[in-house]
Every structure is written in C-alpha cells, then in structure tokens.
Amino acid sequence: MSRSTHGITLLLVTTFAFGSAACHRGAISPAPSTAIAPEAASRPVVSYKRVPVEPRPEYSDRLDSAVSQSDLDELWSHELMVPVEGISPRTLRNDFSAPRSGTRGTHGAIDILAGRLTAVLAADDMVIGRMFSGPVGGIVIYASDLSGRFVYYYAHLDRYEPGLKVGDRVPKSTVVGYVGFTGNASSDAPHLHFQIMKRGAGRVWWDGPPINPITFLVLNGVRR
C-alpha cells in the first residue's frame, strides 16, 4: 500500500541520502555535549494534513511472541511521524533485520541518515522516561506513548533540546534533540537510530521486544 494515501501535504521538504550503520543500546557514561542549535532561518517550511487511518498494512518482519496483532493495530492508529525533520516515510531504508556487527543479533531498529544538527522530533505524543549518554548509543532518549504500551528509543543524538527533562510530556512533532554521531556511530554518517518496542515488563520497561518502525511511520517529519 502506498503511503501517499495518508493525505500528507508537503510544501517543502529537505531530504538526505540514506544508508545504514551498526548501532545499538549501551551503558551510561558522561553527560552530553552542548552544541549550538541550528539557526531558525535554516528550517524547512513544511506542513502536513492528517486524515483517518486506513487498514494497517501486513507486518512482514520478525515479531516476538509477546507482541500481538492487537498491539500492531493500536500502534498503527497512532499515525506516527518520521522522527527527523524534513524526512518522508517513502525515503526510509528498512535495515531493521540487518545483522548487528560482532553479534548474532539483528539491528532491531532503523537508521535515519540526516545532516548533523537536523531536528529530531517526537514521533508520537509521548512522555520522556530516560535520558543519558553511553559508549554505544551515545546521547539517548527513551520515551513512552501516553498509554505506556510502547517505548520509543532515540540514539546517537548530538544533544538534547534545551530544557527537555525526564517526565516531560511532549506532543507529536515537538523537537526533542538533534541528529549527531555520538556513541559508536561514524562521524561520516550522522544519523538517528530509532527503535520502537512494546513496553518491557517490570523495572526494565525500556527493554521490550522490538517492532519495525517502517510500517508505522506515516507522516513526514515536520516540527511544531
């Protein structure tokens, strides 16, 4: 099914070349950098039009038994936004099942390549749950949807949006950070490592089974 049927009106979008990079979550380490934010004058002028959600496309990637068809239907109803400003769903590369370097696992996420300091956006109405910096994911954010059913993981940020803190409730399309290459990402390929998970059980709520974002990102990346 073509994603153009979602009625997204794009006035001006800046897109970037895409590729993949091996990356995953890591342990806590020193605080993030304080790079200068992009100038407002450089922001793309874009908008989107929301329409009722159509039937969910068939999900074809590997799925953990803990994730139900009901979960997928619910996630589809959220009309998620591509979490990088100026990026269209149609240009995303599906590297969810790509082998993870040095392990037997797979990527379990998608990498969205964009210029350093491109705005990173809230893909959904969400609550910020964890913020820290580690040697693998670099500067990261874990957030959950408002129901607490899903977790959104953002990695390799250059920095956070000033004033963002754990516990904040942020609307979809709000700027939460900026694309970078912190952690184990290559400086030659700044990108956002973006993962969706069903919320994990107990204290490790941020480490649940992954769901491929490709099917569910239906809106162009447009900041508020």
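## Basis

The model is predicted: local features need pLDDT of at least 70, side-chain atom pairs count only at pLDDT 80 or more, and totals for chains, interfaces and linings use all residues. Residues are numbered from 1 along each chain as its sequence is written, and side-chain values use heavy atoms, with hydrogens and water left out.

Strand β8 spans residues 175-179. Strands are DSSP runs (E, at least two residues), numbered from the N terminus. Five of the five β8 residues are buried, so the strand is largely enclosed by the rest of the structure. Buried means under 20% relative accessible area (1.4 Å probe, protein chains only).

Strands pair if DSSP finds at least two bridges between them. Strand β3 (residues 119-121) runs antiparallel to β8, joined by three bridges. Here L121 has V175 as its bridge partner. Strand β6 (residues 150-160) is also antiparallel to β8, again with three bridges. L157 stands opposite V179.

## Nonpolar cores

A nonpolar core is a set of buried Ala, Val, Leu, Ile, Met, Phe, Trp, Tyr and Cys residues joined through side-chain atoms within 4.5 Å. The largest has 47 residues. M126, I141, Y152, Y154, V176, F194 and I211 touch the most other members. Strand β6 gives the largest share of this core, five residues. A second, separate core holds eight residues, including F132, V140, Y142 and V151.

## Q195

Q195 lies in strand β9 (residues 191-198). Q195 is buried, at 4% relative accessible area. A polar atom of the Q195 side chain lies 2.9 Å from the backbone oxygen of G108.

Methods
Buried < 20%, exposed > 50% of the residue type's maximum accessible area, 1.4 Å probe, protein only. Helix = DSSP H or I, 4+ residues; strand = E, 2+ residues; numbered from the N terminus. Polar contact = N/O pair within 3.5 Å; in protein donor to acceptor, adjacent residues only side chain to side chain.
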